[in-house]
Amino acid sequence: MTDTDAIPQPAGRTLWRGARLATLADPAGWGWIERGAIVTAGDAITWVGAESELPRDAGVTAEVDLGGAVVTPGLVDCHTHLVYAGDRAAEFELRLQGASYEAIARAGGGIRSTVAATRAADEAALFAAARRRALALRAEGVTTLEIKSGYGLALEHEARCLRVARRLGRELPLTVRTTCLAAHALPPEFDGRADDYVDAVCTWLPVLHADGLVDAVDAFCERIAFTPAQTRRVFEAARALGLPVKLHAEQLSDQGGAALAAAFGALSCDHLEYLSDAGIAAMARAGTVAVLLPGAFYFLRETKLPPVDALRAAGVPIALATDHNPGSSPTLSPLLMLNMACTLFRLTPEEALRGVTVHGARALGLHDRGRLAAGLRADFVAWGVEHPRELAYAFGQRPACRVVQGGREEPLR
C-alpha cells in the first residue's frame, strides 16, 4: 500500500468525535466514556475525554464523526507465525484419527513439514501469502503484531522469513515486530545433533541482528524441541546482543522453562498449560507477561488448562494472541480468541480485551499503545457494537470496524 491509497487525512489536529470510549487507561475497568472524543496530532493522541469537556485550546483543524461507535485501543496480536508456505490439513485429519501432535512431530511431520515447504517457496510467494494473512488480522482490528521466524531453520531461510516480516511492516498499515525463533525445531540436516544446532543458532543471531532483522529472540523449550540447558545458551547469545527474549514454555509438559525465561527478564512466556507455582512466582518477580493461546489449546484438543486463577492471584499480566500457524492454530481471528479465552479459560470479557491490547503490547515491550490516553500512539478501532463485551460474546460475526493506525484511517482490504 502506498500513501496515495490511504483515505485522505487533513494535517494538523483531528477530533474524532461521536464515540463511546473503552479507554482501558486504568488498571481495572473498561475506562468507559459514554460520549467521548479523541484528539490526535500526527501519530499520537493529544487528548481523550468526554466530548463536552474538550478544551477550547485543543487546536482542532479537522473532525471525524464516528457515529456513536464503540472505540477501543487497536488490537495487538503478540504471538504469530505468519510467514510460511504450505498447510498441515493432513495432520489435522491424522489427529482426528488418533495420532497425537507429539507423535506426528517425532515421525517427521509437524514443524519439519512446514520447514520443507517454506524452504522450497521463493520470497515473493512467502510475502504474498503472509500479506493476505496480515490483512485478515487487520480486518478484525489488529494494528500491531509480532511475527516469528522458525520455519526456515537455516541462516539463509530464517533471514528470508524475517525480511518478509520486515517488508510487511513497511508496506502495510501495521506495526510489525520480528522475533527470531530459529530454536523452534531440529532441522533434518542436524538429526541427532541438537547441541550442534544450538551452536549454529547462536552464531546466526549476531548476523541477523546486524542486518536489522530481529527485535526479540524466542525458543521452544519442550520434550519435542530443546532442553532448558540448550534454551539457556540461546538466551545468553540474545543477551550478549542486547535482545529481549520470549519463550514457548510449558505447553506439553513442565520443563521449568518459564522460570528460566524469567531469570533472563523475558518479555513473555507463552502457552503455559503446565506452568508450575514456581514458574508463576518467577514470572511475577520478573514482570514477565503470560501469553495464553486458546486457539492452539482448542485445535489440539488439550485438556490441561493454564493456571489462570494462580496467574491472577500473583498479579501476572495475561495477554492473548492468535498463535497463527499452520499446525496448531490456523486461525486469523483475534475476536474468536477473545471468545475462546472466556469460554475455555474463564477470562472475563474485560480481561480478554486487555489481553489483546494493554498486555499484548506489554508482551512485545511496547508501552506506547494498548490504551487510549494522551501521549500514546493513535492506534484505535471503532466497532459497530453497543458495548465492548460484545467483541468476546458474539463469536464468528466480525462486527464492522474502522481502523485508525498512527492517526490515519486506512481502507480495509
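Let me begin with a question: is Arg312 buried, partly exposed or exposed? Arg312 counts as partly exposed, at 31% relative accessibility, where buried means under 20% relative accessible area, exposed means over 50%, and partly exposed lies in between, with a 1.4 Å probe and protein chains only.

A word on conventions: this is a predicted model, in which local features need pLDDT of at least 70 and side-chain atom pairs count only at pLDDT 80 or more, while totals for chains, interfaces and linings use all residues. Residues are numbered from 1 along each chain as its sequence is written, and side-chain values use heavy atoms, with hydrogens and water left out.

Searching the whole structure gives 26 salt bridges, a salt bridge being a side-chain nitrogen of Lys or Arg within 4 Å of a carboxyl oxygen of Asp or Glu. In one of them, Arg312 pairs with Glu351, with 2.7 Å between the closest N and O atoms. This pair links distant parts of the chain, since Glu351 sits in helix 13 (residues 349–355) and Arg312 in helix 11 (residues 308–314), 39 residues apart; helices here are DSSP runs of H or I with at least four residues, strands are E runs of at least two, and both are numbered from the N terminus. Glu351 is partly exposed too, at 23% relative accessible area.

Turning to Arg408 and Glu410, their side chains form a salt bridge at 3.7 Å, N to O; Arg408 is partly exposed at 31%, whereas Glu410 is buried at 11%.

Finally, a network of salt bridges links Asp43, Asp368, Arg369, Arg377 and Asp379.
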